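Subject: Structure handover

Hi,

Here is the structure I promised to pass on. Have a look at it first, then read on for my notes.

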Amino acid sequence: MIETHLGTGPAVIEIGGRVSFPRTLLREIVDVPAFAVPEGRWLDLPGRGRTWLTDVPGPTTDAPAIVLLHAVGCTGLLTWFPAVERLAERYRVVVFDQRWHGRGIVSEHFSLRDCADDVAAIADALDLEAPVVAGYSMGSIIAQRVWRQHPERLGGLVLAATTDHFRTTGSERVFHQGMELGMGALRTLSRSKAVSAAGRMATDLLDPSDMHEWALAQWRSTSGWSVGQAVAALGRHHSTPRLGQIDVPTAVVVTTKDRVIAPDRQRAIAARIPGATVHEAPCGHAGCVLQADAFVPAFLEAVDVTMGRRASRLAVG
């Protein structure tokens, strides 16, 4: 989900239109760390479309793979760039733009089911053996659906800043019901609205010379319309009855200062998943980037533990 403020200053966010974030405000409140953007490429998925993929090799040719799923309104690298280099010291790291985000697949409609099927299709296209799928916020919800729809393809799950459902409070119910009704009424315009954002500022996305400009271009490459459709779909998510059936190694990274998804809700999910480990990161909902020093160590610990459990499981199997 999106926080409408970062640090001490407000971001300008319009769910129904273009997302705006003044450059001067970005430089004042966000310290975007230096990052060597790895090379990416287009990946065509037959019958599905094409997406922008970054595939960073691990230290060995047979290094286990982790697939990273990003937050709503972001791109793969915008959510995960603080963690990619550290992860690549041990694992093959696959990051891509999910449909309707950045340079992701453009389709007639947006659905979490399709997003989960995309992950399985990418794992097949890259010949990934039992990858661990890790997701942040929206990405964690899609990761849950990957297990539900393709349990045989997974080696494990890492769920960060996650939830099993929304609409738990009066304000959440009003917000998501309004989004669902509004976006549903206008869904016939979906493809044209999503296409209008595709390829926006492609030069900045491909070859950043300034990290703030790069981050801004990544953020603005997803239209507010697309964010609205994704948020409406997230409001329909409800995985509570299935959490107890998850049978792959799972870790939950709790963002303990989160004001979007309460930490207690995140811990409750871990308690419902058999054998899930809990790793606490003292940061807010945007901590994957804005508080990376707090988030990344906890996330790396969660990945290492899950990869270790995956290896033990494969050895037995």
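A word on terms before I start: "buried" here means under 20% relative accessible area. Please also keep in mind that this is a predicted model.

With that cut-off, the buried residues of helix H12 are Ala292, Phe295, Val296, Ala298, Phe299, Leu300, Ala302, Val303, Thr306, Met307 and Arg310. An α-helix has 3.6 residues a turn, so residues three or four places apart point the same way. H12 covers residues 292–316, and its 25 residues reach 35 Å from the first C-alpha to the last, close to the 36 Å expected at 1.5 Å a residue.

Helix H2 (residues 76–87) is another matter. Its end C-alpha atoms are only 14 Å apart, short of the 16 Å that a straight helix of 12 residues would reach. Because 10 of its 12 residues are buried, H2 is largely enclosed by the rest of the structure; among them are Leu77, Leu78, Trp80, Phe81 and Leu87. In helix H9 (residues 224–234), 11 of the 11 residues are buried, so H9 too is largely enclosed. Its buried residues include Trp225, Gln229 and Leu234.

Now the sheet. It is open, has 8 strands in the order S3-S4-S6-S5-S7-S8-S9-S10, and its pairing is mixed. At the edges sit S3 (41–45) and S10 (277–281), each pairing on one side only. Neighbouring strands are turned against each other by 25° on average, ignoring direction. H2 packs on this sheet, touching S4, S5, S6 and S7, and its direction makes about 175° with that of S6.

S4 (residues 49–56) and S6 (residues 92–96) are antiparallel over 4 bridges, with Leu53 opposite Phe96 in S6. S7 and S8, by contrast, run parallel and are joined by 5 bridges; here Ala134 stands opposite Val158 in S8.

As 5 of the 5 residues are buried, S8 is largely enclosed by the rest of the structure.

Helix H4 (residues 138–149) lies across S5, S7 and S8, at about 145° to S7. The axes of H4 and helix H3 (residues 112–125) come within 8 Å and cross at roughly 70°. Since angles of 65 to 115 degrees count as roughly perpendicular, that is how H3 and H4 are placed to each other. Where they meet, H3 brings Leu112, Arg113, Cys115, Ala116, Asp117 and Val119, and H4 brings Ile141, Ile142, Arg145, Val146 and Gln149.

Thr162 is in the loop between S8 (156–160) and helix H5 (170–185), and it counts as buried because its relative accessibility is 0%. Beyond its neighbours within four places in sequence, Thr162 is also in contact with Val252, Ile261, Gln266 and Ile269.

Over to you!

Key. Residues numbered from 1 in each chain as written. Predicted model: local features only at pLDDT ≥ 70, side-chain atom pairs only at ≥ 80, totals over all residues. Heavy atoms only, no water. Helix = DSSP H or I, 4+ residues; strand = E, 2+ residues; numbered from the N terminus. Expected span 1.5 Å × (residues − 1). Buried < 20%, exposed > 50% of the residue type's maximum accessible area, 1.4 Å probe, protein only. Contact = heavy atoms within 4.5 Å. Pairing = 2+ DSSP bridges. Axes fitted to C-alpha atoms, helices over the stretch in contact; angles between N-to-C directions. Parallel < 35°, antiparallel > 145°, perpendicular 65-115°, else oblique.
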